[in-house]
Amino acid sequence: MAESTKKLKKPDVKIVLLGDMHVGKTSLLHRYTERKFKDTVSTVGGAFFLKQWGPYNISIWDTAGREQFHGLGSMYCRGAAAVILTYDTTSWQSYVELEDRFLSLTDTANADCIFAIVGNKADLTDSHAQASNPEGERQEEAEPAHLSLSSSSSSLQRKQVNREDAIALYGRVLHYKGLDEKACLPAESMCFETSAKTGYNVDVLFETMFDLVVPSILKKRNEGESSTVDLEAPSKGKRSKAGCCA
Ligand SMILES: Nc1nc2c(ncn2[C@@H]2O[C@H](COP(=O)(O)OP(=O)(O)OP(=O)(O)O)[C@@H](O)[C@H]2O)c(=O)[nH]1
Ligand SMILES: [Mg+2]
């Protein structure tokens, strides 16, 4: 076996995307990893993407928002260093669901887990369109192609969740976790409005999270956890070599 294949890198740390179905979790991850907005199908169970961030390996877990997969959520959150709670800025219900249905799933995450609150589909709301185009210039001329808003003004929707709502939720999340707001990262820097469709704020979101989980990796390393799996090390279990491929 070649030296490079003897040891498989295992992720140093885990980040989990949580939120109701249809809020755009998969689209956000696609936008970041593939640099495009493409058709999605509702996620079944969960899937992860491995990101090399400097010398670190970070796994980003995309989970299913559908109620039928709810039971899996706490499993995906086990040992997470960061959780991205995602809602759709045009759906108040998706915001309410974060607290009602998803927050308790994070009980299995690390005690020092970092939280971000993300309002996606910002391109659909008129306030985003105005912020991006304050002088009423034609969109195609005003912005680079990758940032242009392809929604026509007729498809704009009323924004149902404002940034202040996200900030208030962040405070309640810290309270739920029994954390002191003053000792935590400030809400202003942990609440994002994004658009997977236009790419607005997507890199900023993921890369802020990557930087923030690095201390958690270093802490884990100091505590002596191995960062590789040695395929040639003798198995401690009783399972025979040919018995199982899991
Ligand atoms: N306009 C707009 N549509 C979006 C955006 N993000 C996602 N969508 C659309 O919203 C729908 C749902 O997107 P997904 O990424 O599949 O949502 P999800 O949160 O992964 O849903 P589940 O896997 O069912 O939990 C799709 O039709 C996307 O094209 C966005 O930023 N803007
Ligand atoms: Mg999905």
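## Close-up views of a predicted model

View 1. Residues are numbered from 1 along each chain as its sequence is written, chains are lettered from A and ligands numbered from 1 in the order in which they are written, and side-chain values use heavy atoms, leaving out hydrogens and water.

Of its 22 lining residues, His22, Gly24, Ser27, Thr40 and Lys121 lie nearest the centre. Helix α2 (residues 25–34) gives the largest share of this lining, 3 residues. A pocket is an open set of points on a 1 Å grid over the protein atoms alone, with protein on both sides within 12 Å along at least five of seven lines; a cavity is a set where a 1.4 Å probe fits but cannot get out, and lining residues have an atom within 4 Å of a point. Points are joined across faces, edges and corners, and a volume is the space filled by probe spheres set on them. Helices (H or I, at least four residues) and strands (E, at least two) are DSSP runs, numbered from the N terminus.

**View 2. Two threonines hold the magnesium ion (ligand 2).** The protein donors (N, O and S atoms within 2.8 Å of the metal, or 3.2 Å for Na, K and Ca; water is not among the atoms, so sites may look incomplete) are Thr26 (OG1) and Thr43 (OG1), 2.0 Å from the ion. Threonine 26 sits in helix α2 and threonine 43 in the loop between α2 and β3 (46–53), so the pair ties together parts 17 residues apart in sequence. Threonine 26 counts as buried (under 20% relative accessible area, with exposed over 50% and partly exposed in between; 1.4 Å probe, protein chains only) because its relative accessibility is 16%. Threonine 43 is buried too, at 15%.

**View 3. Now for the largest cavity, with about 70 Å³ of space.** Its lining has 14 residues, and Thr63, Ala64, Phe69, His70 and Gly73 lie nearest its centre. Both α3 (73–77) and α4 (92–102) supply at least two lining residues each.

How values were computed. Predicted model: local features only at pLDDT ≥ 70, side-chain atom pairs only at ≥ 80, totals over all residues.
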